[in-house]
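Subject: Handover of a protein structure

Dear colleague,

Please find below the structure that I am passing on to you.

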Amino acid sequence: MEKIFKNSSLFISGMAILVLSSCTLPDSKVKGPGSFDPVAIKTIALFPITYDQAYAPPLPTDLSGTDLSTRIRLQIEKHLAGKGYVVKPTAFPSGKGTYENSDPLKIDPLILVRSSPLETDGLMQVHVTFHFGINPTQRSSDEGPFSEIFLNATGRLIEKASAAEVWRGNGRARPIKSADFSTRLNYAVYTLVQGLLKTFPGR
């Protein structure tokens, strides 16, 4: 009987410890893609567009004076403004070599958070993984083999308060055949951003 009593006491003590410890644990929420809370994010720092090493950014002279990065950035700003966000173009931290990184989307979010403007709530990166049909050597007339533009990109959003990635999206341009290169390019950038931010929630 004494042995049973001791075992029961140990069991009750153990349960009490478990209950107390569970009460004292912080109510922590695991962050990750899909945990985006639009209420917590209004102003987004947009870092410079980056490119896979095999697909260098086309030169401005190839694009009638407006480079591809600028076109993508402007389209992202317009799209996000329509969803209720304020976008603030932001430079990468100096001395980190971030935009030369083989995979900029693997940069530690804390590095970006520590250098972001005070008024921002979220940090966005967009990385072009493939492009074809933009450089002069990859173009031809409307009936030629290179009369379409192909453009893929991946983006992520980091919540500043938690330094956690809370959204990731992928976009692919829908090519259009046109004798006019500017028409092809504008449509490619527009459809790329539409696809990239399709799952980005509005405020």
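Over which residues does pLDDT stay under 50? The stretch is residues 1-30, and for these residues the model has one contact beyond four places in sequence. Here pLDDT is the predictor's confidence in each residue, from 0 to 100, and a contact means heavy atoms within 4.5 Å. Where pLDDT is low, the predicted coordinates should not be read in detail.

Two notes on conventions come next. The model is predicted, and local features therefore need pLDDT of at least 70, side-chain atom pairs count only at pLDDT 80 or more, and totals for chains, interfaces and linings use all residues. Residues are numbered from 1 along each chain as its sequence is written, and side-chain values use heavy atoms, with hydrogens and water left out.

Overall picture

The protein averages a pLDDT of 79, and 72% of the residues score at least 70. Confidence is lowest in helix 1 (residues 2-24), with a mean of 41, and highest in strand 1 (residues 43-46), at 97.

Four helices and six strands make up the secondary structure of the protein. Helices (H or I, at least four residues) and strands (E, at least two) are DSSP runs, numbered from the N terminus. Read from the N terminus on, the order of the elements is α-β-β-α-β-α-β-β-β-α.

Of the 203 residues, 41% count as buried. Buried means under 20% relative accessible area, exposed means over 50%, and partly exposed is in between (1.4 Å probe, protein chains only). The protein exposes about 11400 Å², of which carbon and sulfur atoms supply 58%; accessible areas come from the Shrake-Rupley method with a 1.4 Å probe, and for residues only the protein chains shown count as cover. Among the contacts with a separation of 6 or more, 72% are between residues 24 or more positions apart.

One such separation in sequence may be of interest to you. Q194 has its place in helix 4 and is partly exposed, with a relative accessible area of 28%. Q194 and H79 are 115 residues apart in sequence, while their C-alpha atoms are 7.7 Å apart in space.

Aromatic pairs

How many aromatic pairs does a search of the whole structure find? The search finds six. Rings of Phe, Tyr and Trp (its six-membered ring) pair if their centres lie within 6.5 Å; planes under 30 degrees apart count as stacked, over 60 as edge-to-face and the rest as tilted.

One of the pairs is formed by Y55 and F130, which are edge-to-face, with 5.0 Å from centre to centre and 75 degrees between the planes. Y55 lies in the loop between strand 2 (50-51) and helix 2 (68-82) and F130 lies in strand 4 (residues 122-132), so this pair ties together parts that are 75 residues apart in sequence. Both residues count as partly exposed: Y55 at 26% relative accessibility and F130 at 27%.

The rings of W167 and F200 have their centres 4.9 Å apart and their planes at 75 degrees, so this pair is also edge-to-face. W167 lies in strand 6 (residues 164-172) and F200 in the segment after helix 4 (181-196), so the pair ties together parts that are 33 residues apart in sequence. Both W167 and F200 are buried. Together with F36 and Y85, W167 and F200 form one aromatic cluster.

Strands 5 and 6

Strand 5 (residues 150-159) and strand 6 run antiparallel and are joined by eight bridges; two strands pair if DSSP finds at least two bridges between them. A164 in strand 6 is the bridge partner of E159. The two strands form a hairpin with four residues between them, and A163 in the turn has a positive phi of about 55 degrees.

Salt bridges

The whole structure holds five salt bridges, each being a side-chain nitrogen of Lys or Arg within 4 Å of a carboxyl oxygen of Asp or Glu. Among them is the one between R156 and E165, whose closest N and O atoms are 3.6 Å apart; both residues are buried. E165 also forms a salt bridge with R168, at 2.7 Å between the closest N and O atoms. R168 is partly exposed, with a relative accessible area of 36%. Shared partners join R156, E165 and R168 into one network.

D103 and K106 form another salt bridge (4.0 Å, N to O). D103 counts as partly exposed at 25% relative accessibility, whereas K106 counts as exposed at 68%.

With kind regards
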